[in-house]
Structures are given as structure tokens and as C-alpha cells.
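Please keep the sequence and the model open as you read.

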Amino acid sequence: LIADEPTANLDIEGIEQLEKELYEFDGAILFVSHDRDLLDHVCNTIWELDRGTITVYPGNYSLYQAQKKIGWETQEREYEEYVKEKERLRKAIALSREKSRSVKKAPSRMGISEARLHKGTAKAKKAKLDQGVKALESRLEQLEEKEKPWDPKTAAIDMQPPSPLHNPFVFQIEGLSKSFPGKQLFNDVSFTVKNGSKVALIGPNGSGKTTLLNMLVNGASGVKTASGVKLGYFSQELEILDEEQTILENVMETSIYPESFARLILARLLFRGDAIYKPVSLLSGGERVKCGFGKVFLQDVNVFILDEPTNYLDLDSMEALGQVLEEYPGTVLFVSHDRRFIDQVATDLLIIENYTITSFKGNYTEYEGWKEGQSSTSSKLMVLENRLADVLGRLSVPGPDDNLELLDQEFKELVREIGEIKNS
């Protein structure tokens with residue numbers, strides 16, 4: 001099976017179903033994906049295509065990352081040793097040459113026999129020094145050259161704090177409903193978005209995530225927005241970008257930060273060197289997403305609403321974007337189907353499901369763990385309630401072999417257990 005981006009446009013439920021089917025597939029699979037959880041759960045080998053070369057790494061994505069880190073650290077150590085040895089040899093050559101030049105000739109007042117002896121000694125000393133220089137130069141020429149590895153470390157971002165909000169809630173939603181002809185999205189929902197939180201909005205495709213974001217941005221009836229909120233909205237359409245302008249020009253058009261800081265943010269989004277002078281019309285889908293995010297990020301805002309910011313991003317860009325959002329001190333509400341990105345950024349979840357919206361404190365992995373616990377509890381509760389119905393029936397119409405005293409004790413124990421589960 002050869003699959004090119006099989007998770008594209010899938011919601012989380014679809015990705016998890018695909019992941020299960022790929023894992024259980026008996027044949028060989030070669031696929032391209034930027035979903036790191038999928039790569040971790042399915043792959044036993046990673047092929048990395050970089051600058052025209054394919055490198056094969058055994059194991060899943062996490063093992064690939066660990067091997068890359070070890071490889072980079074080894075390259076860095078070898079490069080530092082190479083630079084140190086090169087500098088040592090150059091200094092030794094320069095010192096030997098200086099000593100060779102400083103070998104003194106015989107003084108004019110010296111006698112003929114003494115001058116001959118001194119000349120012979122000086123000549124031998126100079127020859128030895130010159131021979132040493134040649135040996136050192138030979139070692140320098142034969143020194144295996146090591147290239148400086150690309151440094152994956154990024155500079156820290158010292159952001160100015162966003163405009164303060166004195167309300168504990170950015171959004172307070174009461175009785176919000178939305179439907180289209182023949183389709184109900186959500187009905188009479190109420191929830192809040194806390195100031196300073198990083199909230200992931202999740203739900204199946206078509207459940208109304210983008211519609212809800214638009215309602216928040218446009219202040220629909222039922223949406224109360226805190227005073228002092230300055231919204232930065234990143235939409236999938238990227239209509240904020242001017243095709244004819246460069247990346248830097250687009251960003252600086254609305255930036256409240258100096259160009260030096262804008263360049264730092266763009267570098268963190270992997271636009272380095274002359275790349276910032278590239279016109280938007282020549283950018284790939286992923287580059288447009290990063291440019292659009294950079295433009296929104298550098299505006300005068302204290303609340304970000306981001307609709308699918310991870311679309312079209314490669315793995316490095318996704319990790320870079322996640323790190324920028326992690327460090328951002330303001331409020332973020334975003335939609336993403338990338339589970340690891342949600343885990344990296346989110347402190348809270350809003351889940352659209354069955355025409356309602358529920359809140360959860362924690363990231364996606366914690367939510368999945370909670371759901372599994374709920375499922376286990378529900379199964380246990382069902383078993384107990386079925387048993388209770390059976391006991392009640394036998395108490396009402398006892399059979400010839402039923403012990404009413406034991407049935408009554410079991411009834412009381414079942415009621416107690418069911419009550420404990422429901423109360424917890």
C-alpha cells in the first residue's frame with residue numbers, strides 16, 4: 001500500500017480509524033504523513049528525504065527524533081574537535097615559522113672558526129624547524145574536514161505582554177444555537193473561554209467548528225466578549241495576505257513590533273535568510289499558512305482565534321508553530337485535527353458532539369484517558385443495573401429455590417454500588 005498524505009482533511013475520529021486499519025494491515029505500507037501520532041503508532045521504519053538524500057532510521061517517529069538528536073550531537077562534537085585541532089595546527093605552524101626566522105646569523109665580531117661552527121648549528125636548527133613546519137602543514141592538509149551541522153536550537157522570544165484583560169473570561173456564551181436548512185449544528189449551548197487559556201475546539205467534520213469561530217469573531221447573539229479584547233483571527237482562506245508583497249512586507253504591514261523582532265518570529269517559523277523576501281504568490285500551501293500566522297501573531301492582539309493553523313505544515317514547521325503558541329502569554333482558541341499539536345498547546349478542550357458543546361480541562365491525551373475511564377464505568381454500571389433488574393424481578397415473583405433474605409441483601413448491595421458509581 002502506497003499512500004500520500006492519507007490523513008489530509010480527516011477529522012480526529014477518521015484519523016484514529018485509519019491508524020487502526022493501517023496498524024492491522026498485513027502487507028507492506030509506504031506512506032507520507034505529517035501526523036506524528038500516526039507515524040509513532042504505525043511505522044517501524046522512517047525514511048527521511050533531506051537535500052536530495054534518503055536516510056533510513058529503524059523504529060517509529062519518536063525513535064527517529066532521538067537518533068537525529070544523537071547524530072546532531074555527534075556531528076557537533078566532531079566539528080568542535082576539528083575546529084580546535086585546525087586552530088592548534090595553525091598556531092603551531094606560525095610559531096615554528098617565527099622560530100625559524102629568528103635563528104640568528106653569526107655576529108660580525110666572531111672569529112672565522114667560531115662563525116663556521118655557529119653557521120652550521122644555526123643551519124641545522126633552521127632546517128629542523130622548517131621540516132617541522134612542513135610536517136605540521138601536511139597534517140593540516142590531511143585533516144578531515146568537518147561541516148558545521150545545522151543548529152536546530154532557536155532563539156528565545158522575548159514578547160511584550162499582550163494588552164491586559166481584567167475579566168476572568170474572554171468569551172461567555174449563553175444559549176447559542178446554529179442550524180442551516182436541513183442541518184442542526186448545535187442547540188442552546190453555553191460555555192466560557194477563560195482568560196489566558198489555550199483551548200482546542202474539536203469535533204467531527206461538519207459539526208460546525210469554523211461556523212462557531214466565525215460567530216465568536218463577529219459577536220453573534222448569545223456571545224458576550226470581554227471588554228478590551230483585541231482579536232487576531234487566522235482563517236483557512238488566508239485572505240489577509242497580499243499576493244504581490246513579500247513575506248516580510250505582508251508581516252510588517254500590520255506589525256506592532258520592530259522589523260528585527262518580526263525577522264526573529266519568521267525565523268522561528270523557518271523563514272530564514274533571504275526567504276523573507278519571497279513574494280507570497282510563489283509560496284507553497286504550508287508557507288502561506290506560516291506567513292498568515294506570522295502576520296496575525298505580530299498584530300496588536302491579546303486573543304488568537306486560529307482555524308486549522310496546522311494545515312499543509314511539515315513536521316518541523318508544526319513543532320515550531322506549537323512552540324511559539326506555547327510561549328505566547330495571551331489566550332488562544334484553535335481548531336486542529338493533529339492530536340500531538342493539541343497535546344503540545346492546549347490546556348483545555350471544547351468538544352462539539354451530538355449538537356452540544358462540552359468543556360474539558362486538559363489536553364487530548366488526558367481527554368482520551370478520561371473517556372476510556374468513563375466507558376469502563378458505563379460498562380460496569382450497565383452490568384450492575386441489569387443484575388439489579390434480575391434481582392428485583394425475583395424478589396417480586398420468587399422462585400421455589402430463591403432465598404428471599406439473600407436476594408434482599410444482594411439488592412441492597414447492588415443499590416449501594418450503583419449509587420457510589422453515579423455519585424462519583
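Two strands count as paired if DSSP finds at least two bridges between them. Helices (H or I, at least four residues) and strands (E, at least two) are DSSP runs, numbered from the N terminus. This is a predicted model, in which local features need pLDDT of at least 70 and side-chain atom pairs count only at pLDDT 80 or more, while totals for chains, interfaces and linings use all residues. Residues are numbered from 1 along each chain as its sequence is written, and side-chain values use heavy atoms, with hydrogens and water left out.

How confident is the predictor? Its confidence in each residue is the pLDDT, which runs from 0 to 100. The chain averages 85, and 92% of the residues score at least 70. Within the chain, helix H4 (residues 112-142) has the lowest confidence, with a mean of 71, and strand E7 (residues 198-202) the highest, at 96.

Three bridges join strand E5 (residues 169-180) to E8 in the antiparallel sense, and Ile173 is found opposite Val223 in E8.

In H5, the residues Lys209, Leu212, Leu213, Met215 and Leu216 are buried, where buried means under 20% relative accessible area, exposed over 50%, and partly exposed in between (1.4 Å probe, protein chains only). Seen down the axis of H5, these buried residues fall within an arc of 160 degrees, so they line one face of the helix; the arc is that of the directions from the helix axis to the C-beta atoms. Just after H5, Gly219 has a positive phi of about 65 degrees.

The other sheet to look at is an open one of six strands with mixed pairing, in the order E9-E10-E11-E7-E12-E13. Its edge strands, E9 (231-234) and E13 (356-361), each pair on one side only. Strands E10 (residues 303-307) and E11 (residues 331-335) pair in the parallel sense over five bridges, with Val332 in E11 as the bridge partner of Phe304.

Next, the interior. A nonpolar core is a set of buried Ala, Val, Leu, Ile, Met, Phe, Trp, Tyr and Cys residues joined through side-chain atoms within 4.5 Å. The largest has 45 residues, of which Ile202, Phe293, Phe334, Ile342 and Leu349 touch the most other members. Helix H8 (residues 285-297) supplies the largest share of this core, five residues. A second, separate core of 26 residues includes Val170, Phe171, Val335 and Leu350.

Glu19 is in helix H1 (residues 12-24) and is buried, with a relative accessible area of 12%. Leaving aside its neighbours within four places in sequence, Glu19 is in contact (heavy atoms within 4.5 Å) with Asp37, Leu38, His41, Val42 and Arg339. Glu78, in helix H3 (residues 61-101), is partly exposed, at 33% relative accessible area.

Conventions: pLDDT = per-residue confidence, 0-100.
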